[in-house]
Amino acid sequence: MLSEATREKLKGVSTATLTTALFKRNFRNQFIQDVRPLNPGLPNMVGEAFTLRYIPAREDLDGIQVFEDREHPQRKAVEECPPGAVMVIDSRKDARAASAGGILVSRMMMRGVAGVVTDGGFRDSPEIAQLQMPAYHRRPSAPTNLTLHHALDINNPIGCGDVPVYPGDVVVGDGEGVVVIPAHLAGEIADEAVRMTMFEDFVQEQVLQGHSILGLYPPTTSEAVAKFEAWKARR
């Protein structure tokens, strides 16, 4: 279960810092490939993964009438994704048809969902870009999902942008992209990322003042360590 303290820490760190913290623990493939924010000016997206999986559509199973079924997995996922969670959609990296559109994303926003990610595309993307909920996709796609996607199941392990995503994993998005943190590591990754962010802020300040990165980044001299400790004490 994602604690509010961990959620708040993750809201203040970058996906770049998080991927480095994960790399130190030998996790090399946690950054979802080829997805971008529709609304990059929003604060970080943070929440536990709630998943939806698509397989290729078949003409006798995916007519427009399927949306009348209240148990249709796509519609059901939109209504069941918990407040504070992130909907992650496995669209097989196929953006030729939409994974969802503006109405469904708006419904999730109104239900308190923290964000939505697909390795496919969204239709109504200009409207989604105006919403106050983070949304990430591969590229815009106007055709309805039924032309290529069959919604099969919800809240099971999936792949999204070549990353394994298990329900309950912690999903963080910023202006650069989306990273998936294994649930059992979320607390310690958040703590380390906060420390790393403070140090990187110090290094950035030093570099903009003309200092070399040698011995500073990483800090391999006692002078660099002492300078950082003094800088931290002043904050």
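The buried residues of α6 are covered by parts of the chain that include α1 (4-11), α2 (15-23), β11 (170-173), β12 (178-181) and α7, where buried means under 20% relative accessible area, exposed means over 50% and partly exposed lies in between (1.4 Å probe, protein chains only). This is a predicted model, in which local features need pLDDT of at least 70 and side-chain atom pairs count only at pLDDT 80 or more, while totals for chains, interfaces and linings use all residues. Residues are numbered from 1 along each chain as its sequence is written, and side-chain values use heavy atoms, with hydrogens and water left out.

**The whole protein**

- The secondary structure comes to seven helices and 12 strands, the helices (H or I, at least four residues) and strands (E, at least two) being DSSP runs numbered from the N terminus.
- Along the principal axes, the C-alpha atoms fill a box of roughly 70 × 30 × 30 Å, and buried residues make up 49% of the 235 residues.
- Among contacts (heavy atoms within 4.5 Å) between residues at least 6 apart in sequence, 76% join residues at least 24 apart.
- The protein exposes about 11600 Å², of which carbon and sulfur atoms supply 54%; accessible areas come from the Shrake-Rupley method with a 1.4 Å probe, and for residues only the protein chains shown count as cover.

- Helix α6 has 23 residues and reaches 32 Å from its first C-alpha to its last, which is close to the 33 Å expected at 1.5 Å a residue, the expected span being 1.5 Å times one less than the number of residues.
- Among the buried residues of α6 are Ala 186, Ile 189, Glu 192, Met 196, Phe 199, Phe 202, Val 203 and Gln 206.
- Just after α6, Gly 210 takes a positive phi of about 100°.
- Leu 216 has its place in the loop between α6 and α7, and it counts as buried because its relative accessibility is 7%.
- Leaving aside residues up to four places away in sequence, Leu 216 touches Phe 199, Phe 202, Val 203, Gln 206 and Ala 224.
- Tyr 217 is also found in the loop between α6 (186-208) and α7 (222-234), but at 44% relative accessibility Tyr 217 counts as partly exposed.
- Together with Val 207, Ile 213 and Leu 214, Tyr 217 makes a nonpolar surface patch of about 410 Å²; patches are made of residues with over 30% relative accessible area and no salt bridge, with like charges joined within 9 Å and nonpolar side chains (Val, Leu, Ile, Met, Phe, Trp, Tyr) within 5 Å.

**Aromatic pairs**

- The structure holds six aromatic pairs, a pair being rings of Phe, Tyr and Trp (its six-membered ring) whose centres lie within 6.5 Å, with planes under 30 degrees apart counted as stacked, over 60 as edge-to-face and the rest as tilted.
- In one of these pairs, the rings of Phe 199 and Phe 228 have centres 5.1 Å apart and planes at 90°, so the pair is edge-to-face.
- This pair links distant parts of the chain, with Phe 199 in helix α6 and Phe 228 in helix α7, 29 residues apart.
- Phe 199 counts as buried at 15% relative accessibility, and Phe 228 is buried with a relative accessible area of 11%.
- Phe 228 also forms a stacked aromatic pair with Trp 231, at 6.1 Å centre to centre and with 25° between the planes.
- Phe 228 and Trp 231 both lie in helix α7, three residues apart, which is about one turn of the helix.
- One aromatic cluster is formed by Phe 199, Phe 202, Tyr 217, Phe 228 and Trp 231.

**Salt bridges**

- The count comes to 16 salt bridges, each being a side-chain nitrogen of Lys or Arg within 4 Å of a carboxyl oxygen of Asp or Glu.
- The side chains of Lys 24 and Glu 192 meet in a salt bridge (3.0 Å, N to O), which links the loop between α2 and β1 (36-37) with helix α6 across 168 residues.
- Lys 24 is exposed, with a relative accessible area of 53%, whereas Glu 192 counts as buried at 10% relative accessibility.
- Arg 25 forms a salt bridge with Glu 188, the closest N and O atoms being 2.9 Å apart.
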